[in-house]
Amino acid sequence: MDADVIIVGAGPSGLFLAGELRTAGIRVTVLERLLQPTGESRGLGFTARTMEVFDQRGLLSRFGDIETTDLGHFGGLPVDFSVLGIPNAGGAKAIPQAHTEDMLGAWAVELGADVRRGWEVAGLQEDGDGVTVEVTGPEGTESLRCSYLVGCDGGRSTVRKLAGFEFPGTASTMEMFLGDVQGCDIKTRMIGETLPGGMVMAGPLGGGVVRIVVCERGTPPKHRTEPPSWEEVSGAWQRLTGQDISGGTALWLTAFGNAARLATEYRRGRVLLAGDAAHIHLPAGGQGMNTSIQDSVNLGWKLAAVVLGTAPEALLDTYHDERHAVGRRLLMNTQAQGLLFLRGAEMQPLRDVLGELVDYPEVARHLAAMVSGLEIRYDVGTGNHPLLGLRMPPLALTRNGRATSSAQLLRQARGLLLDLSDNPELRRRAAGWTDRIDVVTAVPRELAPTVNLTSHIRAWNSALPLASHSGARLSTESTSRSISPWNAMQPGVILAHRPSPMGIGSGSASGVPPAG
């Protein structure tokens, strides 16, 4: 085998997956068609959930000082994300996607990933033992062999097409422009402005550079091989706003549409899809890169466990089960936002009604959780705790008299059993799994209101599910049963905690939205 796993595509999902696999010791090769990154940044910033994921791998600090926000929108309707009850609920802002990709690429290479640029996939053949990938590289055509192949190669995925994945959905019905320009005095429109002929958006990036989005209704999509011209973009801007910006300069421009497609399966044998290769949609709410990264977090530990032989191959089916459902809701909410944002005056009554509803905290919380990815609830079995199946909020902890956190304890991407009651019997029963999980005795620094715990819950972290069991009392026997061979290797968190005499554990957990 040339590699345990070959990843096609060096975008955010491919690079994060490479880092996750290397953390587990898997031999990884990343093949990227482009010789150099484009330097273009369609996304600016990332969600609160992605901030948590980066923190759990020690990556958040690489961005330096991060500007965050609690303001967001749903289809152009302002939404106050602070209703989620967590810090930085609206996520990080003003971080170009190119910067994020550079950081992830450096991390993957530091961990030993083999990232090859200028390599294009031309064919693939799967058999019972692996996948043979035909590639065209700097020195011609050759074959590479791997146990598993993952397509992270974007909306026009070559891997998806060669492997025969179905990609149903709706084609684009309109064309929009996006780009960074300078030398223009443009009014800020951070969440967009709906106009009689369409919609425009503008936000300052610093240094006199402005990010603009232009949607002129009635503009059919074109099959382009080159970016749109500045004359096209500035002309559309003037027709919509009345402002002539043609005297400015475009740093880069691109065109995009409102196509919405979702692969019918994320896995076919030894070939898997992640990121835009599995789902494309209108870039509403900045969800694309975040969902793609979280696809890779979910897949990474599972693929590593299967390659290492510590889990059966059927574990990979849970990647499809969990993330395909997320993809469905992603398409649903971005299509809904597109209708609100991009349609004409006939949608104004609906905008007005939803604008009133968003003033209700319950509605704002539901929409904010949907866009941020904090609403995701995986099926982890029966139980009635409000956290069950949701991601576990970050926990501030004290261990051996020193401050730490759940994020710090997850840096090695291993399973984590948090013993919050200093229970030696619990630790004894977990001893058989210490090759796969870290058992840590700690005390929550602020148990409430950060998170409310019943006696024994299982939540997921790093977008990973854990087995479910809840009870009125701490049960070391049930804890031992819950640490199954699959659960014990997941880089998530199992919590064990005695009931509080003050009633902690009743009601919903602060910062964790209710299921959608």
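Mentor: Let's start with a word we'll need a lot: a residue is buried if its relative accessible area is under 20%, and exposed if that area is over 50%. The model we're looking at is predicted.

Trainee: Okay, so why is Ile-245 called buried?

Mentor: Ile-245 has a relative accessible area of 2%. The cut-off is under 20%, so Ile-245 counts as buried.

Trainee: Where in the chain does Ile-245 lie?

Mentor: Look in the loop between helix 5 (230-241) and strand 16 (249-257).

Trainee: And which residues is Ile-245 in contact with, leaving aside its neighbours within four places in sequence?

Mentor: Those are Cys-184, Ile-186, Ile-212, Trp-230, Ser-234 and Trp-237. Have a look at Val-181 too: Val-181 and Ile-245 are 64 residues apart in sequence, and their C-alpha atoms are 9.5 Å apart in space.

Trainee: What about Asn-400: buried or exposed?

Mentor: Asn-400 is at 71%, and with the line drawn at over 50%, that makes Asn-400 exposed. Asn-400 has a positive phi too, about 55°, without being a glycine. Its place is the loop between strand 21 (396-399) and strand 22 (402-405).

Trainee: How much of the chain counts as buried?

Mentor: Of the 516 residues, 54% do. The chain has twelve helices and 27 strands.

Trainee: Which residues touch the most other members of the largest nonpolar core?

Mentor: Ile-7, Phe-54, Leu-149 and Val-150 do, in a core of 71 residues. Helix 6 (residues 288-308) gives the largest share of this core, nine residues. There's another core apart from it, with 18 residues, including Ala-48, Phe-74, Leu-340 and Val-358.

Trainee: What is Val-150 in contact with, leaving aside its neighbours within four places in sequence?

Mentor: Among its contacts are Val-5, Ile-7, Leu-17, Leu-272, Leu-299 and Leu-303.

Trainee: On to helix pairs. Why are helix 1 and helix 6 called roughly parallel?

Mentor: The axes of helix 1 (residues 12-23) and helix 6 cross at roughly 30° and come within 8 Å. Angles under 35 degrees count as roughly parallel, so that's the name for helix 1 and helix 6. Their crossing is right-handed.

Trainee: Which residues in helix 1 meet helix 6?

Mentor: Pro-12, Ser-13, Phe-16, Leu-17, Glu-20 and Leu-21 do, and their partners in helix 6 include Met-289, Ile-293, Leu-299 and Leu-303.

Trainee: What makes helix 2 oblique to helix 6?

Mentor: Their axes cross at roughly 40° and come within 10 Å. Roughly parallel needs under 35 degrees, and roughly perpendicular runs from 65 to 115, so helix 2 is oblique to helix 6. The crossing is left-handed.

Trainee: Who meets whom between helix 2 and helix 6?

Mentor: On the helix 2 side you have Arg-49, Thr-50, Val-53 and Phe-54, and on the helix 6 side Asn-290, Ile-293, Gln-294 and Val-297. That contact has four nonpolar, three polar and one charged residues.

Trainee: Last one: why is helix 7 called oblique to helix 9?

Mentor: Helix 7 (residues 315-342) and helix 9 (residues 361-372) pack at about 120°, with axes 10 Å apart. Roughly perpendicular stops at 115 and roughly antiparallel needs over 145, so helix 7 ends up oblique to helix 9. This crossing is left-handed. Arg-329, Met-332, Asn-333 and Gln-337 in helix 7 meet His-366, Met-370 and Val-371 in helix 9. Sorted by class, that contact divides into three nonpolar, three polar and one charged.

Definitions and conventions
Residues are numbered from 1 along each chain as its sequence is written. This is a predicted model: local features need pLDDT of at least 70, side-chain atom pairs count only at pLDDT 80 or more; totals for chains, interfaces and linings use all residues. Side-chain values use heavy atoms; hydrogens and water are left out. A nonpolar core is a set of buried Ala, Val, Leu, Ile, Met, Phe, Trp, Tyr and Cys residues joined through side-chain atoms within 4.5 Å. Buried means under 20% relative accessible area, exposed over 50%, partly exposed in between (1.4 Å probe, protein chains only). Helices (H or I, at least four residues) and strands (E, at least two) are DSSP runs, numbered from the N terminus. Contact means heavy atoms within 4.5 Å. Axes are lines fitted to C-alpha atoms, for helices over the stretch in contact, and angles run from 0 to 180 degrees between N-to-C directions. A crossing is left-handed if the near helix is turned anticlockwise from the far one by less than a right angle, and right-handed if clockwise. Ala, Val, Leu, Ile, Met, Phe, Trp, Tyr, Cys and Pro count as nonpolar, Asp, Glu, Lys and Arg as charged, and the others, Gly among them, as polar.
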